Amino acid sequence: GGTEFWLRRPSRGRLERFFEAHARAPPNSRVIPRSSHPEAPAPAASVRSFHVRTMTRRIEGGSFDDARRAALEWGDNSSNYFVARGEGGRLATCARTYFPFVWVVNPVVETYRAEGQPSARDHWADLPAGDRYAAIAYTTLAGHLLEGEERLAVVRDGPDAVVAHILSVSRGSGCLGRLVFPFVGPMRRRFFDAQLDAIERRCT
């Protein structure tokens with residue numbers, strides 16, 4: 001089990017078999033789950049060895065309620081990147097690789113959903129300023145080439161604007177994961193851009 005490479009876009013039937021194969025897989029990190037929570041305490045020293053990336057998009061005229069629904073559904077299916085949902089919070093991140101006919105499918109699990117009012121604590125997991133937020137996160141499972149957590153959040157900034165925000169904290173897992181980690185950055189940026197695009201489409 002773990003990260004797999006498929007020669008065509010993932011079908012629902014094959015994804016169901018992927019979910020079954022990873023039904024009992026644990027997170028591949030003991031320190032990272034829930035570390036990205038907007039109200040998380042200061043991270044343990046071991047978390048500081050992870051690479052932190054953020055991406056933010058301000059959407060003028062966006063509906064917060066629509067953005068919230070989109071975020072809590074992990075956006076939607078694009079032609080190149082999407083998050084597939086299974087039972088029990090099991091997810092699979094699916095992305096077209098640098099080779100157009102090859103897809104990478106990774107096992108992850110939903111870690112938490114949170115809603116509330118952003119607070120400024122000078123903390124690396126802080127959200128953009130606003131008066132209300134909704135956030136959802138997944139954590140990588142055993143066999144994933146990366147180890148970490150991604151949080152997708154939307155923040156209402158007044159009556160006429162929504163800020164979509166991604167926080168990713170990750171590093172390579174195992175020898176192969178550490179070897180490929182420096183080279184997957186552009187593909188991950190495109191994956192995150194696709195998530196932000198989905199939020200913007202759904203709320204405008």
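The side chain of Thr139 makes a polar contact of 2.6 Å with the side chain of Glu149. The model is predicted. A second polar contact, of 2.5 Å, links the side chain of Thr139 to that of Thr111.

| Side-chain pair | Polar contact |
|---|---|
| Thr139 and Glu149 | 2.6 Å |
| Thr139 and Thr111 | 2.5 Å |

Where does Thr139 lie? Thr139 sits in strand β6, which covers residues 132-140. Is Thr139 buried or exposed? Its relative accessible area is 1%. Buried means under 20%, so Thr139 is buried.

Leaving aside residues up to four places away in sequence, Thr139 touches Pro27, Ile32, Pro33, Val108, Val109, Thr111, Gly148 and Glu149. Among them are Thr111 and Glu149, the polar partners listed in the table.

Now the helices. Helix α2 spans residues 64-72, and helix α4 spans residues 185-203. Their axes come within 8 Å and cross at roughly 140°. The crossing is right-handed.

Which residues make the contact? From α2 come Asp66, Ala67, Arg69, Ala70 and Ala71. From α4 come Ile199, Arg202 and Cys203. By class, the residues of this contact divide into five nonpolar and three charged, with no polar ones.

Conventions:
Residues numbered from 1 in each chain as written. Predicted model: local features only at pLDDT ≥ 70, side-chain atom pairs only at ≥ 80, totals over all residues. Heavy atoms only, no water. Axes fitted to C-alpha atoms, helices over the stretch in contact; angles between N-to-C directions. Helix = DSSP H or I, 4+ residues; strand = E, 2+ residues; numbered from the N terminus. Left-handed = near helix turned anticlockwise from the far one by under 90°. Contact = heavy atoms within 4.5 Å. Nonpolar A, V, L, I, M, F, W, Y, C, P; charged D, E, K, R; others polar. Buried < 20%, exposed > 50% of the residue type's maximum accessible area, 1.4 Å probe, protein only. Polar contact = N/O pair within 3.5 Å; in protein donor to acceptor, adjacent residues only side chain to side chain.
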